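User: I have a chain open here and would like to go through it piece by piece. Can you take my questions as they come?
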Amino acid sequence: MPAMTDAEAPAPRPMIRGERVWLRPSEPSDIINNAPYASDAEVGHFMGVKTPMSKAAAERFSAEIFSQNQGDQTGYGYAICLLGTEEGIGTVFLHSVDALNALVDFGFGELRLERIELEVFDFNERAIRSYQKAGFQTDAVQRHSRFHRGRHHDVHVMSILRDDWLAIERKRSWELAGP
């Protein structure tokens, strides 16, 4: 049987994947390259960014993020990529939708976490619905804890427990077939 060429070899299957996206380890360049998006009014609004982000600010921010996770495994940062590409379309960090399911599967299925928690601004209704769809529940509302665009906003603290995750009937990221 002749050996396969690189072009004929099957594509590697991502370890952490959703139905449309996969997660690869994030690099500082992912944050720096996405800085223009953080300066977009709508994207920046949902990220809680108050001013446009320069390349230098993005470099400082990425250095801070990556230095927090040096030498320990309490935080995990990933670039979100569309299946079949390596180009990052966003970043996600697991520390103190589709991509959310992949990350939650990783947290419970590989890291043996008991609880995953997040915070979301009250004005980010799309994110709240996405988190609820993934099984997160609101634990608390921190009233008026965020000032943005001339108003005080609530911050919702949401979590999902291992038992909540186990009760969700959907394929886990490692069960999805394809590239």
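User: How many helices and strands does the chain have?

Analyst: There are seven helices and seven strands. This is a predicted model. Along the sequence the elements come in the pattern β-β-α-α-α-α-β-β-α-β-α-β-β-α.

User: What is the mean pLDDT of the chain?

Analyst: The mean pLDDT is 81, and 82% of the residues reach 70 or more.

User: Which elements have the lowest and the highest mean pLDDT?

Analyst: Helix α2, residues 35–38, has the lowest, at 68. Helix α7, residues 162–167, has the highest, at 97.

User: OK, the inside next. What share of the residues count as buried?

Analyst: Of the chain's 179 residues, 40% count as buried.

User: And the largest nonpolar core, how many residues has it?

Analyst: That core has 26 residues. Leu23, Tyr78, Val104, Tyr131 and Phe136 are the ones with the most contacts inside it. At least two core residues come from each of β2 (21–25), β3, β4, α5, β5, α6 (125–133) and β7 (151–161).

User: Which one gives the most?

Analyst: α5 does, with seven residues.

User: You listed Val104. What is valine 104 in contact with, leaving aside neighbours within four places in sequence?

Analyst: Valine 104 is in contact with Gly109, Ile116, Phe136, Ile160 and Trp165.

User: Rings next. How many aromatic pairs are there?

Analyst: The count is five aromatic pairs. One of them is tyrosine 78 with phenylalanine 106, an edge-to-face pair with 5.8 Å between centres and 85° between planes.

User: Are tyrosine 78 and phenylalanine 106 buried or exposed?

Analyst: Both residues, tyrosine 78 and phenylalanine 106, are buried.

User: Which residues form an aromatic cluster?

Analyst: Phe108, Trp165 and Trp174 form one. Trp165 also has a charged neighbour: arginine 172 lies over the face of tryptophan 165, 4.4 Å from the ring centre.

User: Where does the charged end of arginine 146 sit?

Analyst: The charged end of arginine 146 is over the ring of phenylalanine 121, at 4.9 Å from the ring's centre.

User: Now arginine 170. Where is it?

Analyst: Arginine 170 is in the segment after α7. Its relative accessible area is 24%, so it counts as partly exposed.

User: What does arginine 170 touch, not counting residues up to four places away in sequence?

Analyst: Arginine 170 touches Asn101, Asp105, Trp165 and Glu175. With aspartate 105 there is a polar contact of 2.6 Å between the side chains. Asparagine 101 is 69 residues from arginine 170 in sequence, and their C-alpha atoms are 9.7 Å apart.

User: Is arginine 112 buried or exposed?

Analyst: Arginine 112 is exposed, because its relative accessible area is 72% and exposed means over 50%.

User: What about histidine 144, where is that found?

Analyst: Histidine 144 is in strand β6, residues 137–148. Its phi is positive too, about 50°, although it is not a glycine. With a relative accessible area of 52%, histidine 144 is exposed.

User: What is the accessibility of arginine 143?

Analyst: Arginine 143 has a relative accessible area of 71%, so it is exposed. It is also found in strand β6. Histidine 153 is ten residues from arginine 143 along the chain, and their C-alpha atoms are separated by 6.9 Å.

User: And why does histidine 156 count as buried?

Analyst: Because its relative accessibility is 18%, and buried means under 20%. Histidine 156 lies in strand β7. Leaving out residues up to four places away in sequence, histidine 156 touches Leu118, Glu119, Val120, Asp122, Ile128, Thr138, Ala140 and Val141.

User: Last one. Where is threonine 85, and what does its side chain reach?

Analyst: Threonine 85 is in the loop between β3 (76–82) and β4 (88–94). Its side chain reaches the backbone oxygen of leucine 82 at 2.9 Å. At 33% relative accessibility, threonine 85 is partly exposed. Valine 21 is 64 residues from threonine 85 in sequence, with 9.1 Å between the two C-alpha atoms.

How values were computed:
Residues are numbered from 1 along each chain as its sequence is written. This is a predicted model: local features need pLDDT of at least 70, side-chain atom pairs count only at pLDDT 80 or more; totals for chains, interfaces and linings use all residues. Side-chain values use heavy atoms; hydrogens and water are left out. pLDDT is the predictor's confidence in each residue, from 0 to 100. Helices (H or I, at least four residues) and strands (E, at least two) are DSSP runs, numbered from the N terminus. Buried means under 20% relative accessible area, exposed over 50%, partly exposed in between (1.4 Å probe, protein chains only). A polar contact is a pair of N or O atoms within 3.5 Å; within protein, one must be able to donate a hydrogen and the other to accept it, and residues adjacent in sequence count only if both atoms are side-chain atoms. Rings of Phe, Tyr and Trp (its six-membered ring) pair if their centres lie within 6.5 Å; planes under 30 degrees apart count as stacked, over 60 as edge-to-face and the rest as tilted. A charge sits over a ring if NZ of Lys or CZ of Arg is within 6 Å of the ring centre and within 35 degrees of the ring normal. A nonpolar core is a set of buried Ala, Val, Leu, Ile, Met, Phe, Trp, Tyr and Cys residues joined through side-chain atoms within 4.5 Å. Contact means heavy atoms within 4.5 Å.
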